Amino acid sequence: LKTIILDDNARAGWVGHCYAWINGLSAILQFLILPIITNKSNIHHFWIFMPAVMMFFTFLQFFQDHSSNLQLSSISFSAMKIMEYSLRSVASEMLFVSLDYDCRFFGKEVINVLGNRLGKSGMAICMVLITSIMGKKNEDLESILCPLCNAVAFFWLICSYKLKILLKYKDKTHTN
């Protein structure tokens, strides 16, 4: 962003405008669209949808040229933030509803500490290490970070699919 928008005031305005759109779309999704969709659809579909969307956008970044770098990257970032602010929390809560009291709160704490905090911290450490090792060469960073993002999105998709299958199997055994 710093290399594309050189003026600090213009860059701050662009980031503020981007987050305004993210927050507005998250609110619309969370308060208007998701209540309708969750009543008509199984929540398991959301677990597959979120990583599939991220995998789609990170895959598109392989084919970008430097002129559209900011637009495609901001769309990927916005999609990730919109899903984090609205869809991920709903999907996580719906997962824990089916569990008993102890498992629900223990599971939420484990996922909150290990999945969220440790995951974000671990990724921040990886980003610092990659950028410090590679230096400030943008072309080299993109060639490393883009496949890394795809690998993480693919791993997330596989884990979500396995969770969906596991819960579907659990539901079958409890109904029989």
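Visitor: What makes arginine 11 count as buried or exposed?

Guide: This is a predicted model, and in it arginine 11 has a relative accessible area of 13%. Because buried means under 20%, the value for arginine 11 falls on the buried side.

Visitor: Why is the contact between aspartate 8 and arginine 11 called a salt bridge?

Guide: The closest N and O atoms of aspartate 8 and arginine 11 are 2.2 Å apart, and the cut-off for a salt bridge is a nitrogen within 4 Å of a carboxyl oxygen, so the pair qualifies. Aspartate 8 and arginine 11 are 3 residues apart in helix α1, which means that about one helical turn separates them.

Visitor: How many salt bridges are there in the whole structure?

Guide: A search of the whole structure finds 2. Glutamate 84 and lysine 81 also form a salt bridge, with 3.3 Å from N to O, a value that again lies within 4 Å. These two residues belong to helix α3, where, being 3 residues apart, they are separated by about one helical turn. Lysine 81 has 16% relative accessibility and therefore counts as buried, since the limit is under 20%.

Visitor: Why is the pair of tyrosine 19 and phenylalanine 77 called edge-to-face?

Guide: A pair of aromatic rings is described by the distance of the centres and the angle of the planes. For tyrosine 19 and phenylalanine 77 the centres are 5.9 Å apart, which is within the 6.5 Å needed for a pair, and the planes stand at 80°, which is over the 60 degrees needed for edge-to-face. The pair links distant parts of the chain, with tyrosine 19 in helix α1 (residues 8-40) and phenylalanine 77 in helix α3 (residues 69-97), 58 residues apart. The structure holds 2 aromatic pairs.

Visitor: What makes tyrosine 19 and phenylalanine 77 partly exposed?

Guide: Tyrosine 19 has 29% relative accessibility and phenylalanine 77 has 28%. Buried would need a value under 20% and exposed a value over 50%, so both residues are partly exposed.

Visitor: Which residues have the most contacts inside the largest nonpolar core?

Guide: This core has 19 residues, and those with the most contacts inside it are Phe46, Trp47, Met50, Met83, Leu87 and Ala91. Helices α1, α2 (44-60) and α3 each supply at least two of its residues, and the largest share, 7 residues, comes from α3. Leaving aside residues up to four places away in sequence, phenylalanine 46 touches Leu34, Ile37, Thr38, Leu87 and Ala91.

Visitor: How many helices and strands does the protein chain have, and what share of its residues is buried?

Guide: The protein chain has 5 helices and 0 strands, and along the sequence the pattern reads α-α-α-α-α. Of its 176 residues, 26% count as buried. The protein chain exposes about 12,000 Å², of which carbon and sulfur atoms supply 70%.

Key. Residues are numbered from 1 along each chain as its sequence is written. This is a predicted model: local features need pLDDT of at least 70, side-chain atom pairs count only at pLDDT 80 or more; totals for chains, interfaces and linings use all residues. Side-chain values use heavy atoms; hydrogens and water are left out. Rings of Phe, Tyr and Trp (its six-membered ring) pair if their centres lie within 6.5 Å; planes under 30 degrees apart count as stacked, over 60 as edge-to-face and the rest as tilted. Helices (H or I, at least four residues) and strands (E, at least two) are DSSP runs, numbered from the N terminus. Buried means under 20% relative accessible area, exposed over 50%, partly exposed in between (1.4 Å probe, protein chains only). A nonpolar core is a set of buried Ala, Val, Leu, Ile, Met, Phe, Trp, Tyr and Cys residues joined through side-chain atoms within 4.5 Å. Contact means heavy atoms within 4.5 Å. Accessible areas come from the Shrake-Rupley method with a 1.4 Å probe; for residues, only the protein chains shown count as cover. A salt bridge is a side-chain nitrogen of Lys or Arg within 4 Å of a carboxyl oxygen of Asp or Glu.
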